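Hi everyone, thanks for coming along. Let me put the structure on the screen, and then we can walk through a few places in it together.

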Amino acid sequence: MLDLIANSLRRTWLRTVLMIAASTMCFLLFGLLGTVFLSLNKSVTGDDSGRVITVNRINIQQPLPVRYADEIARTEGVADVSLGVWFGGYTEQPGQQFPAFPVRGAPYLALYPEIAVDPAGRARWLDERRGVLVEQRLADEEGWQVGDAVVVNSLIWPQQDGSKAWSFTVSGIYRDDSPFGARTLLMHYDAFNEARRFGTDTVAWLVFDLAPGADVADVARRIDDRYLNSGNATRTQSEEVYQQAYLNQFGNLSQIVMILAAAGFLTSFLVLANAQALTLKERARDYAVLLTLGFRRATLALAAVGETLLTVGIGAVIGLSVAWAYIVWQPIDLGSFLPDIDFHGEVLWAALPILLLLAVLASAAPLASTFRLQIMESLR
Amino acid sequence: MPMAVDVDGVSKTYVTDGVKTPALNAVSLSVGEAEFVGICGPSGSGKSTLLSLIGGLERPDRGQITVFGQDLGALSDSQLIDFRKRHIGFVFQDFYFLEVLSVRKNVALPLRLRRLSRRQIRDSVDTALDLVGLGHVADKRTRYLSGGEKQRAAIARAFIANPGLIICDEPTGQLDRVNARQVLDLLRALSDRGTTVVMVTHDLVAADACDRVILLDKGRVEPAPRQQAHA
Ligand SMILES: Nc1ncnc2c1ncn2[C@@H]1O[C@H](COP(=O)(O)OP(=O)(O)OP(=O)(O)O)[C@@H](O)[C@H]1O
Ligand SMILES: [Mg+2]
C-alpha cells in the first residue's frame, strides 16, 4: 500500500509539490483567518459580564452628556455606573495606539472585576487626580514603574494650552486577561474633563451593572425612552451586543474572514483537483496493471485517498505551523481597539474536518477511476 | 489430458461511439496443462481480446471460458480478481510497471497480496530475479531498464506467485533476436516446470518455440492449425 502511494507521488514530483503547496496555502490562510475569526467571536461571546452599555443612538462615536451618568444611576434597576471616553493614547508613534480611557475610578473598578490591581495601587490611584492605572503588558512595553511620571499623547484631545501631550503619574499596574483588556490604561475622568479644551462634560459611553433581579431589556427601554426626544437619544444594550456592534464598525470582519477562508479553500481545491486530473491517464494505467495482478479496487481506492490525504496533510502541517509561528512571533495588530489575537487550539480542531473534506474532494477523480476503470481500455 | 483452458463458442463485440467491432466470433479452443501454446494471426484478428477473456480481464458476450475447471462466467468481479491473483500471471507487450519503483518492488507486487513475511518476499524475489538474470539490477527503477531487461522482469513478476497459467501478449514484439530468445527460453522453462503458457505472437521464431500454434483470423480460429511436435 505504501509502495502504491509512493509510486504515485514520486511519478510526478511536480504534481506532488503543487498539491502540497496548494494545501499549505489553504491551511496557512485557514490558520490565520480562523484565528482572527475566533478571536473576534471570542471577544464577543466569551464573557457574559452582565454589564450594560449606553451609547449615542446615532452612532457610537457621537458623545453623550455626562449628566446622563447621574440620571441613569438613579434609574430603578441600575447599580454602579461608570463612563468612558476614547482617549486615543500613544507614546511615540500615533500608529501604535493603546486603549486609554478616562473613567470614573471607583465604580469602574467595581464594574470590571477582571481588572486585577493590588489594594495599595488601587488606593493610590483613587487618590491621585493625575494618576493612571496601567495594564501590565503596556507597562512592560513602555518600561513604566509605579511612581513614574509619564507622558501620554492623545490622538484626539488637546489640553487648555493646546498641547496633546498629557502628563500623568503611574499609580498602579494591573493585569487584565479579558479579550479587550490587554495594554489598557485608565485615567480619571474628572481631571481629564477639566483639562481638555473642548468636549467638556461629554462622554463616549456609560456602563453600569444591573441591580439584582433587573432585566436588561426592561431597564434599557426605560433609559432609551427617557432620552428619545432629548437631542441626544441613547441606545442601551448588553455589553456583548455592544461589542458586536462595535466590531461591526470594522466592516463585519467575521464575515469577510469567512469569505476569504472559503475562497482560499475553493482555490486550493481547484488546484488540487486540477493536479490530480493531470495524471489521471497514467494513474489509470497503473491501476489497470494492479487490477490485472489481482489487487482489489478497494485497495486502490484506499491508496488514492491515502495519497491525497498524505499530501494535503503535509500541506496542513506546514501551513498551520507557519500560521502559528507567524501569530506567535509577529502578533497580528488589527488596531489597538480590537482584542488581542491568539492562536487557538480550536483552529487545529476545525482544521481536521477541512483536511478530510479537502482530501476526499481532491481525490474524487482518481477514486472514481478506481471503481469505473476497465482494464483493457486503460492498457490500450 | 486435463484441460487448463477451455474456450467454448466465445464471441466478443466491442461497441465504441455506436460503432460495433466484432473482435471474436464463436471461438472454441482448449489448452492442456503445462502446454506452451502460441496464438498467431494478423493484426486485429482478436488475439489480445482472446487473451483478456481467458485472463478474466473482460467478459465475453457469448460462450463459456473455463480455466482450471472454473467457469469464469460464474465468478463475480471480485471473485474474478481473486481468481486472477491465485492462478494467472500476465506478461504484456508494453511491460507495464510502476515506473518509479525498483525492479524488486515491481516483481514483488503479486506477493504483496499474500500473507508472506518481508523475508519470504525478499527471498522469492531474489530467486526469481536470479532466474531471469536480473539480480544485478534488482534495485534499479524499472524506468531505466533496457527493453529485454524489462520483459524479463515482467516475466519474473508473472511467475513469482506460481500461477498455473501465464498469459503473454507479444512478449518478444519489442525485442531483438538475442533478447527474444532469452524470453522464449524462460517461458519454455516455466512450461517444463508445469506452468501452462499461452502466448500471442507475430513472430515466426517465437511461434516455433511453442508446443502448438493456434491461428486466428478475423475473430475465428483457422480450421487447420499448424501442429508442431516439440522435442
Ligand atoms: N476496447 C476496445 N474497444 C473497441 N474496439 C476494440 C477494443 N479492443 C479491441 N478492439 C477491436 O477488436 C478487434 C480485435 O482487437 P485485438 O486487440 O484483439 O486484435 P489483435 O489481434 O491483438 O491485434 P494486434 O496484433 O494488432 O495486437 C480490433 O478490430 C480492435 O480494433
Ligand atoms: Mg494485440
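A quick word on names: helices (H or I, at least four residues) and strands (E, at least two) are DSSP runs, numbered from the N terminus.

Before going on, please keep in mind that this is a predicted model, where local features need pLDDT of at least 70, side-chain atom pairs count only at pLDDT 80 or more, and totals for chains, interfaces and linings use all residues. Residues are numbered from 1 along each chain as its sequence is written, chains are lettered from A and ligands numbered from 1 in the order in which they are written, and side-chain values use heavy atoms, with hydrogens and water left out.

Asn162(B) is not a glycine, yet its phi is positive, about 55°. Asn162(B) counts as exposed because its relative accessibility is 56%; exposed means over 50% relative accessible area, buried under 20%, and partly exposed in between, with a 1.4 Å probe and protein chains only.

Chain B has an open sheet of six strands, ordered S6-S7-S8-S3-S9-S10, with mixed pairing; two strands pair if DSSP finds at least two bridges between them. Its edge strands, each pairing on one side only, are S6 (88-91) and S10 (220-221) of chain B. Within this sheet, S7 (residues 165-169) and S8 (residues 196-200) of chain B are parallel, with five bridges, and Ile166(B) stands opposite Val197(B) in S8(B). Helix H2 (residues 77-87) of chain B packs on the sheet and touches S6 and S7 of chain B, at about 80° to S6(B). Helix H5 (residues 147-159) of chain B also packs there, touching S6 and S7 of chain B, with about 170° between its direction and that of S6(B). Contact here is heavy atoms within 4.5 Å, and the axes are lines fitted to C-alpha atoms, for helices over the stretch in contact, with angles from 0 to 180 degrees between N-to-C directions.

Chain B has another open sheet, four strands in the order S2-S1-S4-S5, paired antiparallel. At its edges are S2 (19-32) and S5 (70-71) of chain B, each pairing on one side only. S1 (residues 3-16) of chain B and S2(B) share 10 bridges, and Val5(B) faces Val31(B) in S2(B).

Let's switch to chain A, with its 15 helices and 12 strands. Of its 380 residues, 51% are buried.

Arg196(A) is buried but has no salt bridge, and Asp201(A), the nearest side chain of opposite charge, is 6.1 Å away. For the terms, a salt bridge puts a side-chain nitrogen of Lys or Arg within 4 Å of a carboxyl oxygen of Asp or Glu; Lys and Arg count as positive and Asp and Glu as negative, while His and the chain ends are not counted. The side chain of Arg196(A) does make a polar contact with that of Asn193(A), at 2.8 Å. A polar contact is a pair of N or O atoms within 3.5 Å; within protein, one must be able to donate a hydrogen and the other to accept it, and residues adjacent in sequence count only if both atoms are side-chain atoms.

Last stop: Trp205(A), in strand S11 (residues 205-210) of chain A. Trp205(A) counts as buried because its relative accessibility is 6%.
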